[in-house]
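Me: I want to learn how to read side-chain and helix packing from coordinates. Can we work through one example together?

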Amino acid sequence: MAAATRLFSEHGYDRTSVQEIVEAAGVTKGALYHYFGSKDDLLHEIYGRLLRLQQERLDGYADAHEPVEERLRRAAADVVVTTIDNLDDARIFFRSMHQLSPEKQKQVRAERRLYHERFRDLVAEGQRTGVFNPATPPDLVVDYHFGSVHHLSTWYRPDGRLKPQEVADHLADLLLRALRP
């Protein structure tokens, strides 16, 4: 996985061969195919591991016994930090999702939809209870925040001025300011 992630990030999914992956990993093609049925499966798993991590963490925040504003803020910041911490995975995915098989694209969309729906439910809860302004539809709020998150791989640099948590705090604060009544 590490070798494939590095090569896909450096050269692109479509310009990286299975042979290059196995050589970089120091394994045989048989070993690779023991764990992954295809290069497509490998790409799917690169994104899947990030999404599983983010879903698990979001579920923890959403289920916590804290005010909805705090749960949403923590969830909004976490998706930024986990994306930055896994920037190569995110970069690969957003560059290459269209190259997944139609079946895998459908599966990824369904998994992302579950994540977005759980996030949206926090926004809707806050709107229902009067903590957040109900003027903006929750789906639009989710698209707004995740539009920022999905573009991190195009502009964020680990050696830049802002550390991951600082970026996360700024983006979470922007989201909450936009929702306040």
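Reply: Start with burial. A residue counts as buried when its relative accessible area is under 20%. Keep in mind that this is a predicted model.

Me: Is tyrosine 13 buried or exposed?

Reply: Buried. Tyrosine 13 has 8% relative accessibility, so it falls under the 20% cut-off. Phenylalanine 8 is buried as well, because its relative accessibility is 1%.

Me: Now rings. How many aromatic pairs does the structure hold?

Reply: The general idea comes from two numbers. Ring centres must lie within 6.5 Å, and planes over 60 degrees apart count as edge-to-face. This structure holds seven aromatic pairs. One of them joins phenylalanine 8 and tyrosine 13, with 5.1 Å centre to centre and 70 degrees between the planes. That pair is edge-to-face, because 70 degrees is over 60.

Me: Which geometry do phenylalanine 119 and phenylalanine 146 form?

Reply: Edge-to-face. Their centres are 4.9 Å apart, and the planes are at 75 degrees. This pair links distant parts of the chain. Phenylalanine 119 sits in helix H7 (residues 102–128), and phenylalanine 146 in helix H8 (residues 138–150). The two are 27 residues apart. Both are buried.

Me: Which residue lies over the face of tyrosine 13?

Reply: Here you look for a charge above a ring. Lysine 39 lies over the face of tyrosine 13, at 4.5 Å from the ring centre.

Me: What does histidine 145 touch?

Reply: Histidine 145 lies in helix H8. It is buried, because its relative accessible area of 2% is under 20%. Leaving out residues up to four places away in sequence, histidine 145 touches Ala76, Val79, Val80, Phe119, Leu171 and Leu175. Phe119 also belongs to the edge-to-face pair with phenylalanine 146.

Me: On to helices. At what angle do H4 and H6 pack?

Reply: Read the angle and the axis distance together. Helix H4 (residues 39–63) and helix H6 (residues 87–96) pack at about 125 degrees, with axes 9 Å apart. So H4 is oblique to H6. H4 passes H6 in a left-handed crossing.

Me: Which residues make the contact?

Reply: From H4 come Leu43, Ile46, Tyr47, Arg49 and Leu50. From H6 come Asp89, Ala90, Ile92, Phe93 and Ser96. Look at the rings again here. Ring pairs link Tyr47, Phe93 and Phe94 into a cluster. Tyr47 and Phe93 are among the residues of the H4 and H6 contact.

Note on methods:
Residues are numbered from 1 along each chain as its sequence is written. This is a predicted model: local features need pLDDT of at least 70, side-chain atom pairs count only at pLDDT 80 or more; totals for chains, interfaces and linings use all residues. Side-chain values use heavy atoms; hydrogens and water are left out. Rings of Phe, Tyr and Trp (its six-membered ring) pair if their centres lie within 6.5 Å; planes under 30 degrees apart count as stacked, over 60 as edge-to-face and the rest as tilted. Buried means under 20% relative accessible area, exposed over 50%, partly exposed in between (1.4 Å probe, protein chains only). Helices (H or I, at least four residues) and strands (E, at least two) are DSSP runs, numbered from the N terminus. A charge sits over a ring if NZ of Lys or CZ of Arg is within 6 Å of the ring centre and within 35 degrees of the ring normal. Contact means heavy atoms within 4.5 Å. Axes are lines fitted to C-alpha atoms, for helices over the stretch in contact, and angles run from 0 to 180 degrees between N-to-C directions. Angles under 35 degrees count as roughly parallel, over 145 as roughly antiparallel, 65 to 115 as roughly perpendicular and the rest as oblique. A crossing is left-handed if the near helix is turned anticlockwise from the far one by less than a right angle, and right-handed if clockwise.
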